[in-house]
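Have the model open beside you.

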Amino acid sequence: MVHLSVSALLIRFLLGGFAVVACTIVAKKLGEKTGGIFAAFPAVYLAALLTIGLDFHGGQLISQSIILSKGAIFGMAINILVAVLAGYLLPRMGWKKGIINAMACWLVVSSVVVFITSYML
């Protein structure tokens, strides 16, 4: 199991929270579409990449950065799928059912990807 320092977790938490607040402010000031574009900003990935140096050094830092980046590619692709699905479901099902179904889809697709990448590759 990988050990993460409390300071790295705190930085990730603060950067992720700041990104959510910033997206909300942008959406209110510039409109929903612009807010949506800002919401796609990979704040969690960047926070993880920036703070990984607190927990790893040398070759292990490079190795963990590569692993994190490869995982981020899959995660971002799944996020695009879920955003498209949510854009389809929300107007048809309402926001509560649409979000629940989109998140359920995210859980299923993410679980399948984790299973495939962990056990088959």
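Helices are DSSP runs (H or I, at least four residues), numbered from the N terminus. This is a predicted model, where local features need pLDDT of at least 70, side-chain atom pairs count only at pLDDT 80 or more, and totals for linings use all residues. Residues are numbered from 1 along each chain, and side-chain values use heavy atoms.

Q: Which helix gives the most to the lining of the largest pocket?
A: α1 (6-30), α2 (32-39), α3 (43-55), α4 (58-93) and α5 (95-119) each supply at least two lining residues. The top contributor, with 14 residues, is α4.

Q: How many residues in the lining of the largest pocket are nonpolar?
A: Ala, Val, Leu, Ile, Met, Phe, Trp, Tyr, Cys and Pro count as nonpolar, Asp, Glu, Lys and Arg as charged, and the others as polar. The lining has 10 polar and 3 charged residues. The nonpolar count is 30.

Q: Why does the pair of phenylalanine 115 and tyrosine 119 count as tilted?
A: Rings of Phe, Tyr and Trp (its six-membered ring) pair if their centres lie within 6.5 Å; planes under 30 degrees apart are stacked, over 60 edge-to-face, the rest tilted. The centres of phenylalanine 115 and tyrosine 119 are 5.2 Å apart. The pair is tilted because the planes stand at 45°.
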